[in-house]
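This report turns to a complex of protein chains and asks how its fold and its interface can be described.

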Amino acid sequence: MFDLSPDEWIAIRLSLRIALVATTVALPFGIAIAWLLARKDFWGKSLLDGIVHLPLVLPPVVTGYLLLITFGRRGTIGGFLADLGIVFSFRWTGAALACGVMGFPLLVRAIRLSFEVIDRRLEDAAATLGANRIWVFLTVTLPLALPGLIAGMVLCFAKALGEFGATITFVSNIPGETQTISAAIYTYTQIPNADAAALRLVLVAIVISLAALVVSEWFARRAGLRYHGD
Amino acid sequence: MIPNSGERFSDRIRLEQSMLAVDVEKRLGDFELAAKFEAAGGVTALFGPSGAGKSTLVNLIAGLLAPDRGRIALDDHVLFDSATGINLPPHRRRIGYVFQEGRLFPHLTVAQNLDYGRWMQKLPADTAETERVVSLLDIGHLLRRRPGRLSGGERQRVAMGRALLMKPLLLLLDEPLASLDRARKLEILPYLARLRDEAKIPMIYVSHQAGEIVRIASQVVRIEDGRVVADGGLELLDAERKEMVF
């Protein structure tokens, strides 16, 4: 019962890879946009905020479809990138893109909140000590935002791991290429006598999600400790 | 004017004569600050009631706020001049700032906090100087702690050390004792006096407590409602001496 078949292993490895790549690539963009939203006032700020949060409220199928028409081979951006050798459609990279987009609002939200609660006076103190704006950001702002950064990454990772609608719409459900755990579970529920396989993957999904939560809790606690004691 | 980085405080006797010249105007909402004074070496106290504009003035000197008009210069080193459009950012002013609430970096240890300014100024490590300041302020036993585990008095001593170790041309102290109870104030005052006598850096000391000022300062600039109303020696505080806290 608990022996995972090669196909199931492939789905698990693929899911982990897609979620990791999605989170890692989204992180720098997430930090930049969270910082803009937390610290700057500019024309179109509400619009940017809205666009970032859109995947959270849109039906995932709609997000997937929008990705398909922009990042597909014939899409405006996809066509251009395809010429450069970067192809998203029906590849695992496309699944990572879809997962990254879906997890992005959660990532930005958590980081933005942590930027907003940072005591700006500490940044002033760093400036008087000789730190220019980049150093202030790297040595004060970013480390102080660490708990939020970790929380955001875990949320994004979890979202990416569970993403289904946008991924399947954008890159379909191809075993070994775009078939993640979620898609595999869905497939197993559609074929007779695959209940055991579906259940095994369900258990795996629970274990991975729990592990991510525990690890992030541990990191956040460690980062939090640094504020209050040695 | 900017001393070379290997220089010690003791080598900087020349700086004792250094002169801070401030002539600024700044409007913040309904509050209007228009202050002109000069501070020559030693410790100059900015004295006045809360809300008089002392902290604003110090922030203007540090570069954390920009004046609407005016000029700030440390000897011939112009920090701000609205006429010529000069406005050095705080990180290039090399002015140490001890804040009322310390503002130590909570994610760094005391040792890392102390080292921060030197690191940012790209000064070479100077163990002897660090040891001197650490023993001057008696903070050797705290080096491995994080600020969250320090008492209020310890925090302020570390904050002073941090500002000193960036080798500033001028030291600003904005009510460094205000957040402490009386016992802690009495604990810190001797360190401040030592700092004045040994560090040989011109200091601007902000306070609304005459009792602190007479223990530390040699020159008093009295500020009320955004204006300099008097400028002179400690005799300016004679009226307050009678009701002194210390």
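The paragraphs below take up confidence, then the fold of one chain, then the interface.

This is a predicted model, in which local features need pLDDT of at least 70 and side-chain atom pairs count only at pLDDT 80 or more, while totals for chains, interfaces and linings use all residues. Residues are numbered from 1 along each chain as its sequence is written, and chains are lettered from A and ligands numbered from 1 in the order in which they are written.

The predictor assigns the complex an ipTM of 0.87 and a pTM of 0.86.

Chain A has 11 helices and zero strands, where helices (H or I, at least four residues) and strands (E, at least two) are DSSP runs numbered from the N terminus. Of the contacts in chain A with a separation of 6 or more, 77% join residues 24 or more positions apart, and the C-alpha trace spans about 70 × 45 × 30 Å along its principal axes.

At the interface, 19 residues of chain A are in contact with 21 residues of chain B. The elements of chain A giving two or more residues to this side are tabulated here.

| Element | Residues |
|---|---|
| helix H6 of chain A | 120–128 |
| helix H7 of chain A | 133–144 |
| helix H11 of chain A | 195–228 |

The largest share, six residues, comes from H6(A).

Methods:
Contact = placed C-beta atoms within 7 Å.
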